[in-house]
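Colleague: I am new to reading protein models. Could you take me through one, feature by feature?

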Amino acid sequence: MFLRSLIICCYLMGAYWASYHFPSMKMVFYPTLGAFSFLFMHRVDNIREIRRIIIGAIIAVTMGSIFYTISTGAVSFFLTALVTITLIQFFKWNAAPILAVSFIPYFAHPVSMWALPIAVLVSLTGLLVSIWLIGKVEQFNWYVSLSGKLTQARQSIRPPFEPLKKEV
């Protein structure tokens, strides 16, 4: 899990750095990217499900951008939430960040309707590549043996768990 955390944090740092230093990449980093990262970190073995979630996020942010372009008011926000929740339930996308990403246009105020969906596509594709890389590294024999040795060392340092005895 340490390797996963390290690679994901490096990816998030890179996305933040790029969005901070290059104005054209301002919307590549958004707080929901951290939620997607944590979600994907626990699903390294299921790339197909991760792809489905990414597709759902892109659809949701595109719909949010379209509704935001039509109107910036509360009714538009409500419709974005309603349609996104309906799609999440219909397609069984088991990922709450999809709803959060659909609201980004209402807070980021993108100049172009397509700027945000493209930024989400780029950032989540980069995250998918990072997750794929983690899966490949975790298959190497040297990593498996190193991980096993680190786990054993950690368990030898930690005192064994003793259940509390209930006194009568």
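Modeller: Start with surface. Accessible areas come from the Shrake-Rupley method with a 1.4 Å probe, and for residues only the protein chains shown count as cover. Here the protein exposes about 10,900 Å². Carbon and sulfur atoms supply 70% of that area.

Colleague: What should I know about the model itself?

Modeller: This is a predicted model, where local features need pLDDT of at least 70, side-chain atom pairs count only at pLDDT 80 or more, and totals for chains, interfaces and linings use all residues. Residues are numbered from 1 along each chain as its sequence is written, and side-chain values use heavy atoms, with hydrogens and water left out.

Colleague: How many helices and strands are there in the protein?

Modeller: First the rule. Helices (H or I, at least four residues) and strands (E, at least two) are DSSP runs, numbered from the N terminus. The protein has eight helices and zero strands. Along the sequence the pattern reads α-α-α-α-α-α-α-α.

Colleague: What radius of gyration does the protein have?

Modeller: The radius is taken over C-alpha atoms, and the globule rule is 2.2 Å times the number of residues to the power 0.38. For 168 residues, a compact globule would come out near 15 Å. This protein has 20 Å. Its C-alpha trace spans about 60 × 50 × 30 Å along the principal axes.

Colleague: What does S65 touch, leaving aside its neighbours within four places in sequence?

Modeller: Contact means heavy atoms within 4.5 Å. S65 sits in helix α3 (residues 47–70). Its contacts are P105, M113, L116 and P117. S65 is buried, because its relative accessible area is 1%.

Colleague: And M63?

Modeller: M63 also lies in helix α3. At 16% relative accessibility, M63 counts as buried. Leaving aside neighbours within four places in sequence, M63 is in contact with V83, T84 and L87. M63 and L79 are 16 residues apart in sequence, and their C-alpha atoms are 9.6 Å apart in space.

Colleague: Where is T32 placed?

Modeller: T32 is in helix α2 (residues 32–41). Its relative accessible area is 13%, so T32 is buried. Not counting residues up to four places away in sequence, T32 touches P97, A100, V101 and I104.

Colleague: What share of contacts joins residues at least 24 apart?

Modeller: Among contacts between residues at least 6 apart in sequence, the share is 73%. K136 is in helix α7 and counts as partly exposed at 36% relative accessibility.

Colleague: Which residues have a positive phi without being glycine?

Modeller: Most residues other than glycine have a negative phi. K92 has a positive phi of about 55°. K92 lies in the loop between α4 (74–91) and α5 (97–102), and it counts as exposed at 64% relative accessibility. H109 is another case, with phi near 50°. H109 lies in the loop between α6 (104–108) and α7 (115–137). At 49% relative accessibility, H109 counts as partly exposed.

Colleague: Which residues does the UniProt annotation "transmembrane region" cover?

Modeller: UniProt positions are given in the numbering used here, feature names are shortened, and annotations may be inferred rather than shown by experiment. The unreviewed UniProt entry gives 20–41, 53–71, 77–107 and 114–135. Residues 53–71 are 95% helix and 0% strand, with end C-alpha atoms 27 Å apart. Residues 77–107 are 81% helix and 0% strand, and their end C-alpha atoms are 11 Å apart.

How values were computed:
Buried means under 20% relative accessible area, exposed over 50%, partly exposed in between (1.4 Å probe, protein chains only).
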